[in-house]
Amino acid sequence: MIYPFNGKTPKIAASAFIADYVTITGDVEIGEESGVWFNSSIRGDVAPTIIGNKVNIQDNSVLHQSPGNPLILEDEVTVGHQVILHSCIIRKKALIGMGSVILDQAEIGEGAFIGAGSLVPQGKKIPPNTLAFGRPAKVVRELNEEDIKDMERITREYAEKGQYYKSLQMDDRAAK
């Protein structure tokens, strides 16, 4: 479901895949070839949410903000299943592992990997190209070439899968 809020309607690129049972409200922008997967919620009813190109937001994730603090996801970000993102910045090509929570004014550096189940507290900065995990998340090492290739594979496969599912939606609409 797509809902306006206080005169703001979500702006979703025509090539983005929005799965069934997703809710998107208010001041939200979603870029080209991005995917928002089943049962996720993106509420732009407090501050803007800006989602770049080829971003995948996997099943059951929740994206929201605090007053005056937008939520920004740059291009080619992967957000794992059941992630909570709240008024933070996720730099391009970062991966947020399943079940993680990233809080207000935290910043995840370009190409960083947040391990599954992590908590990145308010205001914490994770450097680019590092692996961080834990509660609270701590940097444990630099990413290696294998890590980076795997993150790129996930981004690519989700963009391809999203386009496949989008074609099914279009075929279904055409059949009606």
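Tutor: A nonpolar core is a set of buried Ala, Val, Leu, Ile, Met, Phe, Trp, Tyr and Cys residues joined through side-chain atoms within 4.5 Å. Buried means under 20% relative accessible area, exposed over 50%, and partly exposed in between (1.4 Å probe, protein chains only). The model is predicted: local features need pLDDT of at least 70, side-chain atom pairs count only at pLDDT 80 or more, and totals for chains, interfaces and linings use all residues. Numbering starts from 1 along each chain as its sequence is written, and side-chain values use heavy atoms, without hydrogens or water.

The largest nonpolar core has 40 residues. Leu73, Leu85, Ile90, Ile102 and Ile108 have the most contacts inside it. Elements giving two or more residues to this core include β4 (23–30), β6 (41–51), β19 (130–134) and α1. Helices (H or I, at least four residues) and strands (E, at least two) are DSSP runs, numbered from the N terminus.

Take Ile108. Contact means heavy atoms within 4.5 Å. Leaving aside neighbours within four places in sequence, Ile108 touches Ile89, Ile90, Arg91, Ala94, Ile96, Ile102, Ile114, Val120 and Ile126. In soluble globular proteins, nonpolar side chains tend to be buried together.

Now the wider chain. Buried residues make up 46% of its 176 residues. The chain has 1 helix and 20 strands. Helix α1 spans residues 145–175 and holds Tyr165. Tyr165 counts as partly exposed because its relative accessibility is 31%.
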